[in-house]
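Student: I have a structure open and would like to learn how to read its features. Where do we start?

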Amino acid sequence: ERPEENGHQNKRLKRDADEEDVEDQSKKTPKRKIVLLMAYSGKGYHGMQRNVGSSQFKTIEDDLVSALVQSGCIPEDHGEDMKKMSFQRCARTDKGVSAAGQIVSLKVRLIDDILEKINNHLPSHIRILGLKRVTGGFNSKNKCDARTYSYMLPTFAFAHKDYDVQEEVYRLDKETLEKVNKLLACYKGTHNFHNFTSQKGPRDPSAKRYIMEMYCGEPFVRENVEFAVIKVKGQSFMMHQIRKMIGLVIAIVKGYAAESIIERSWGEEKVDVPKAPGLGLVLERVHFEKYNRRFGNDGLHEPLEWTKEEEKISVFKEQYIYPTIINTEREEKSMVNWLNTLSIHDFNSSAVGIQTNNKNSKNSSDLEGSDGCDDDSD
C-alpha cells in the first residue's frame with residue numbers, strides 16, 4: 001500500500017475505535033439512584049401515572065420516560081419496563097391536576113449536563129427543576145412522610161347562596177375569610193375521613209388520617225376575578241379527600257349546611273359530602289423529614305430540601321400553572337357549574353337519600369376523577 005492510503009486507513013480505524021469507546025463508556029457509566037424534582041401543568045394529561053400498553057390516554061410519565069430515553073439517561077428497554085430503573089413517583093396526581101414539587105426516584109446514568117439534556121426532550125409545561133443523589137434503597141413514595149397540596153379557587157365560591165353574585169365584582173371580606181379559616185382548622189389532627197372518600201367504611205383503620213395544617217391565604221386578583229389559595233399538609237390523602245374537605249367548607253360558608261356537619265362526618269353515619277372540582281388542585285411539595293434526619297448530613301447525601309430551586313418553582317407556577325387554572329375556569333366555568341349542584345345535596349339525609357342524590361349529581365362531579373391524592377391506593 002502507498003503511505004497516504006495507509007494513513008487514511010489508520011484515521012478510519014481510529015474514528016471507529018472512538019465511536020466504540022463512546023458506546024463502551026455509556027455502558028460503563030454506573031447507574032445511580034437519584035430523585036428528580038418535577039413541575040408540570042396537568043391540563044390535557046390523564047394524570048401522572050403511566051399506563052404501559054395504552055396510548056389512548058397520555059400521561060406526564062409518558063413524556064418523562066421518553067425524555068429519559070432520548071437523553072441517554074436510561075436504556076430504551078427500561079422505558080418499556082419502568083421496574084428496571086426502580087422508578088417510583090411520590091404522589092399520583094390525577095387527570096388535569098398540576099404539580100410544582102413532584103418527586104420521582106429512579107436509577108439513571110449520571111451523564112454530563114443531565115438536567116439540560118432531559119429538559120431539551122420535554123415540552124415547556126413539564127420541567128425537571130432539580131436532582132439529588134439518594135441512598136440505593138430509597139423509594140420516593142414509601143420514604144415520604146408528608147405532602148402539601150394547594151387548591152386555587154375563585155373567591156365567589158364563598159359568597160352566600162342568597163347573594164346575587166357578579167363573578168368579576170365579588171370580593172371576599174375579612175369576616176368570611178376568618179370563617180373559612182376557622183372551618184378549615186377543624187380538619188387539623190387525626191380524624192376518621194371515611195365520608196371524604198369512596199370505598200372505605202367507617203370502621204376501616206386506613207380511613208384515619210392526620211392533617212398537620214390547613215388554611216386559606218389572602219385573596220388576589222387575576223384577570224379581573226379574585227382568587228384565593230387553600231393549603232393543606234397531611235401525612236397522606238385518600239382519593240377525593242382534599243376536594244371533599246374543601247367542598248364541605250364551601251357548602252357551610254354558602255349556607256347549605258350547618259357547621260356541625262363536620263363533627264358529624266367523623267362518626268359512623270354516612271354523610272353527603274360534595275366534591276369540589278379537580279381544577280385548581282396542585283401538588284405543592286413532598287416532605288422527607290425522617291430521611292433527612294437520618295441521611296441528610298451523613299457526608300454522602302444531601303437533605304431532600306429544595307431551597308435553591310424555590311425561585312424556579314415560583315416562576316414555573318406563574319408561567320404555566322396559575323394561567324392554566326385561571327383561563328380554564330373562565331372558559332369552562334367548572335366552579336360555577338359545580339356550585340349550581342350544591343342545592344341537590346341533602347346535608348341531613350340518610351344513607352339511602354345520599355345514594356339517590358349521588359346518582360343525580362354524577363354528571364357534574366364524578367367525571368372529574370380523583371384528586372390524585374390517593375397515596376395508598378395504587
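Tutor: This is a predicted model. We start with one side chain: Tyr 291 is buried, with a relative accessible area of 3%.

Student: Why does the pair of Phe 138 and Tyr 291 tie together parts that are apart in sequence?

Tutor: Look at where each partner lies. Phe 138 is in the loop between β4 (126-133) and β5, while Tyr 291 is in helix α8 (residues 289-295), so the pair joins parts that are 153 residues apart in sequence. Phe 138 also counts as buried, at 2% relative accessibility.

Student: Which residues do ring pairs link into a cluster with Phe 138?

Tutor: The cluster is made of Phe 138, Phe 288, Tyr 291 and Phe 295, linked by ring pairs.

Student: Why is the pair of Phe 193 and Trp 266 called edge-to-face?

Tutor: The planes of these two rings are at 75 degrees, and the cut-off for edge-to-face is over 60. Their centres are 5.1 Å apart. Phe 193 belongs to the loop between β6 (189-192) and β7 (208-216) and Trp 266 to helix α7 (residues 261-266), so this pair ties together parts 73 residues apart in sequence.

Student: Are Phe 193 and Trp 266 buried or exposed?

Tutor: Phe 193 is buried at 0% relative accessibility. Trp 266 has 13% and counts as buried too, because the cut-off is under 20%.

Student: Which rings have a charged residue over them?

Tutor: Lys 132 lies over the face of Trp 306, 4.9 Å from the ring centre. The charged end of Lys 161 sits over the ring of Tyr 256, at 5.9 Å from its centre.

Student: How do I read a helix, such as α5?

Tutor: Check its length, then its sides. Helix α5 (residues 174-185) has twelve residues, which should span 16 Å at 1.5 Å a residue, and its end C-alpha atoms are 16 Å apart, which agrees.

Student: Which residues of α5 are buried, and which on the other side are exposed?

Tutor: An α-helix has 3.6 residues a turn, so residues three or four places apart point the same way. In α5 the buried residues are Thr 176, Leu 177, Val 180, Leu 183 and Leu 184. Seen down the axis of α5, they fall within an arc of 125 degrees, so they line one face of the helix. Lys 174, Glu 175 and Lys 182 are exposed on the other side.

Student: What does the side chain of Arg 147 reach?

Tutor: Arg 147 is in strand β5 (residues 146-154) and is buried, with a relative accessible area of 3%. Its side chain reaches the backbone oxygen of Cys 90 at 3.3 Å and the backbone oxygen of Gln 235 at 3.0 Å.

Student: Which annotation covers Tyr 149?

Tutor: Tyr 149 is also placed in strand β5, and at 0% relative accessibility Tyr 149 counts as buried. The annotation "binding site" for Tyr 149 comes from an unreviewed UniProt entry.

Terms used
Residues numbered from 1 in each chain as written. Predicted model: local features only at pLDDT ≥ 70, side-chain atom pairs only at ≥ 80, totals over all residues. Heavy atoms only, no water. Helix = DSSP H or I, 4+ residues; strand = E, 2+ residues; numbered from the N terminus. Buried < 20%, exposed > 50% of the residue type's maximum accessible area, 1.4 Å probe, protein only. Polar contact = N/O pair within 3.5 Å; in protein donor to acceptor, adjacent residues only side chain to side chain. UniProt positions renumbered as here; feature names shortened; annotations may be inferred. Phe/Tyr/Trp six-rings, centres within 6.5 Å; stacked < 30°, edge-to-face > 60°. Lys NZ or Arg CZ within 6 Å of the ring centre and 35° of its normal. Expected span 1.5 Å × (residues − 1). Arc of directions from axis to C-beta.
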